[in-house]
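Could you walk me through this structure stop by stop? I have it open in my viewer and would like to know what to select next.

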Amino acid sequence: MTEFTPFVRKDMLEPRDPPGNQQGPIAWARENLFSGPMNTVLTLLGILAVGWLALHIIPWLMHSVWNANSLSECRAIIAQTWGPDATGACWAMVRERWHQYVFGFYPMDLYWRPTLAFLLMLVAIAPVLYQSLPRKMMWFTALYPFICYWLLWGGTLWAPIVVLAGFGLFALAFRFAAPKLGVPVSAGLGLLAAAVWWLFVQTPLSTALNGIIPLSIRDVDSDQFGGFLLSIVIGITAISASLPMGILLALGRKSDMLLVKSLSVMFIEFIRGVPLITLLFTASLLLQYFLPPGSNFDIILRVIILVTLFAAAYIAEVIRGGLAALPRGQYEAADALGLDYWQAQRLIIMPQALKISIPGIVSSFIGLFKDTTLVAFVGLMDPLKGITAVVRADINWKGIYWEPYIFAGTIFFLICFGMSRYSMWLERKLKTDHR
Amino acid sequence: MKKSVFLGTLSAAALFAGIAGAGTLEDVKARGVLNCGVNVGLTGFGAPDANGNYQGFDVALCKAVAAAVLGDASKVKYAPTTGETRFTALASGEVDVLIRNSTWTFSRDVDLKFDFVGVNYYDGQGFMVKKDLGVSSAKELDGATVCIQTGTTTELNLADFFKANNLTYTPVTVADDSEGQRQYLAGACDAYTTDASGLAASRATMPDADNHIILPEIISKEPLGPLVRHGDNVWGDVVRWTFFALVAAEEYGVNKANIEEVASTTTNPEVKRLLGTEGDLGAMLGLDKEWAKRAIAANGNYGEIFEANIGSATPIKLARGLNALWTQGGLQYAPPFR
C-alpha cells in the first residue's frame, strides 16, 4: 500500500495573463473590427474609404500656399514647388480677405469698435455662464446691449442712454404698480409707459441732448455689416432674447387662462410651421410693402426680430418638455409653502425645468447660430455664401472652391463646439440626482 | 371689419408708395444719395473689392447717374441684391434704380411694372467645352452631358435649343457658377452653359484656359439693362439719357481725358448740346446744364467703361461684339441729343 501524500496548496497561484489572442490590440481588433465576415468586409471598406480620402486631402493640405496675390499665382507656385500635376490649397485668399470674412464691409479704420464690442461681450456673458463670478458683474451685462449697439452702429451716445431711460421708466412703473395690481397688469402698464417714451420722446430728446452735449462717434450703416460680425450680432442677440421669450411662451402654453394659452399656442404652432427662410423673406420683402416708403426700418433689426421669434417658439417647446418632466409634487410643494405663481416659478419650477432642458436649449442655440447664414438669401453678407460670393467675383480669386467653405466652416465649428462643451460642463455641474 | 381695416392699411400704404414714388428724382436730390441696387458677386459687372469698394461695369453706370444727378460719383449707396430680392427691392422703393445684369423680358417690363430704360450689355447664352472633345459647334453636342444652373432661364433656353435642333442631352444641375465651373473642370459634364460673359470670365480663371473653347452659337437673347419703377417717367428719362450720354460720348470721341478740352473747343452742335455748352437739355430733365459732362467724366464714356471693367485689357477679355457702337457693326446706338 503506497502512501498518499495529500497535496494541499497553501498559496494562491499567480494570476497569469490571458492567452495572446484574448488580450491586447489583436483581441480588440478581433472583437470589434473582424468579429464576423460582414464586419470584416465593412472594416476593410472603411479603411479603404479613409485611406482614399487621406490620400487626396493630405497632399492637398501639405501643398498649401499662403503667400500669393491670386489663384493663378497660387497654382503657379504649387506647380513650381510640387510638380505640374500637384494640387494644393490656396489659403492666400484667406490671408488677403480674412478681414471681410470677419468684419464684412465695416470701415477698416474702425475695426477696433467691433473688436472692443466682442471683448466686452465676453466680459458681459461671463457672469451669466459662470455662477462663481461676482454677481455685481451682472450690472455690466445689463448695460452691455446698449454699449454694444453704440460701438457697432455709432451715432450719438444719447440714443442708447434715452432708450435705457425707457427701461428705467418700465421698471419704475412696474415697481409702483406691482404690489397693488399684480405682475401681469403692472408689466403691461410699464410696457405701455416705455412704449410711449420710445415712440414719442426718444428721438426728440436724444437729438436735443446731443445738441447740448455732443457725444457722437461715426455712424456705420447696417449694409456695411457682414461676415462673422453679422452672424455673431444676429446669433447672440437672438439667443439672448429668445430664451426669456421662450420661457414666457412655455409658461403661457401651460397657463390656465384661455386667452394667454391660445395666443401662445397659436404663436408657437404658426412659427414652427413656417420655414425660417419664409420669415426672412417676410422681413426683407413683405414688411417693406407695408411700411411707408422712406421709413428706414433697419434690415438687420428686422432679421434679428424674426430670427428671435423663430428661436423663441422652439425654445418654448423645449422648456415645456422640461416643465412636463417635473413631478407634480414640486408644484404642490410650492403651493404648500404659500408661494405665489411667479415666486413658485422663479424659485422652484424654473431652476429644475431649465436644468432638464439644457441639452435641448443649447442645441436650439447651435442650430440658430448656424441658421444665421440663411440671411444670405435676403442680400445680407453672411460669411458662408455672401462674402464667399464677393470673394469669388474678384477675378483674382474666381474659381476658388473649397478654401472659403473650409475656413468659414472651421470657425462655425469652433463656436458651436464651444457652446456644446459648455452645456455639458453645466449639466455635470448642476447634476444633483443620484441616478 | 378686420378685413376692411387690413385693406385700408394696404391701400394707404400703396397710396403712400404712389405719392412718394412719383418723384424719385426729387427724392434722390433731397436725400443727396443714390440708392443703387447691384450684384455683389458677378465678376467684372458688380462686386466689392478687398477694401469694400464696389467695382464693375454695372457699378460704373450707378456712378454715372449719381454724377449726373448729384454732381458726385461717390454719392451712391450700393444695395446688395440677390436674384430673389432684386425686383422687390426696386418695387418697394428700397432702391432708386436696379442695375444688376437683369434681362429685359416682356413679363418683367409689363407684368412686374418696371421700365427697362436701355440695354447696357447685350449678352446671350453660350457653351464652353474642352478642346479635346473635338466639337466646334453646339449642334454637334448630341448626347452630351451639360452643366446648367438650376432655376434660371438658361435651363429653359437649353431645353428649347436642344429640342429645336432635335438633339438629346443629359443635364447636370448645379447651384451656382462656382459649382458649375468646378463640376465642368472635374469632368462631370462635357459642356458648361451660362451667359457668354460669365463663360468668358470662368474660362479666364481656369488653370488650363487654352484647353477650353467657347462655342460660336449664342442660343438666347439676354439684353441686360438698368430698370426703374413703372410710371416714374421723369426719373426713367434721367437714367435712360445718362446711359445714352455715355454711348453718344463714345460715338463723338469724347472721353474722360479730353472732355474739358472738347467742351471748350468743339464745333459739333450735337456735342455742344450733349456737354451743355449750347442748348438747354439739362433743364428739360430737371438737371443742370453739365449733367452729361459730369456723367462722362465720372468713369469715361461707354467704351472706356467697357474696356476698364470687362474689355480686352482685363483678364476677362470680352470682345465688344454686339456691344460695339452701331457705327462699328454693334447694337449700341444713342438717339440724337436735340
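Start by selecting helix α4 of chain A, residues 92–103. In this predicted model, the buried residues of that helix are Ala92(A), Met93(A), Val94(A), Arg97(A), His99(A), Gln100(A), Tyr101(A) and Phe103(A). What lies over them? Before you move on, click on Gly104(A), which follows α4(A) and has a positive phi, near 65 degrees.

Next, turn to the largest nonpolar core, a set of 83 residues. To find your way into it, select Leu34(B), Cys36(B), Val69(B), Trp235(B) and Leu275(B), the residues with the most contacts inside this core. Helix α3(B) contributes the most to it, with 11 residues. Another core lies apart from this one and has 58 residues, with Tyr106(A), Leu110(A), Val220(A) and Ile361(A) among them.

Stay with Val69(B) for a moment and display its surroundings. Leaving aside residues up to four places away in sequence, Val69(B) touches Leu25(B), Val28(B), Lys29(B), Trp235(B), Val238(B) and Leu287(B).

Select Phe57(B), Leu61(B), Asn120(B), Phe243(B), Leu246(B), Tyr302(B) and Ile305(B) to see its lining. Three helices of chain B, α3 (57–70), α9 (233–251) and α14 (302–309), each supply at least two of the lining residues. By class, six residues of the lining are nonpolar, one is polar and none is charged.

Finish on Asn120(B), one of those lining residues. Look for it in the loop between β6 (114–116) and β7 (121–123) of chain B. Is Asn120(B) buried or exposed? Its relative accessible area is 3%, so Asn120(B) counts as buried, the cut-off being under 20%. Show side chains here and you can trace a polar contact of 3.1 Å between Asn120(B) and Asp58(B). Beyond residues up to four places away in sequence, the residues that Asn120(B) touches include Ile99(B), Leu224(B), Gly225(B), Pro226(B), Asn323(B) and Gln332(B). Its contacts also include Phe57(B), Leu61(B), Phe243(B) and Tyr302(B), which are themselves among the residues lining the largest cavity.

Definitions and conventions: Residues numbered from 1 in each chain as written. Chains lettered and ligands numbered in written order. Predicted model: local features only at pLDDT ≥ 70, side-chain atom pairs only at ≥ 80, totals over all residues. Heavy atoms only, no water. 1 Å grid on protein atoms, 1.4 Å probe; cavity = no way out; pocket = protein on both sides within 12 Å on 5 of 7 lines; lining within 4 Å. Helix = DSSP H or I, 4+ residues; strand = E, 2+ residues; numbered from the N terminus. Nonpolar A, V, L, I, M, F, W, Y, C, P; charged D, E, K, R; others polar. Buried < 20%, exposed > 50% of the residue type's maximum accessible area, 1.4 Å probe, protein only. Polar contact = N/O pair within 3.5 Å; in protein donor to acceptor, adjacent residues only side chain to side chain. Contact = heavy atoms within 4.5 Å. Core = buried A, V, L, I, M, F, W, Y, C linked by side-chain atoms within 4.5 Å.
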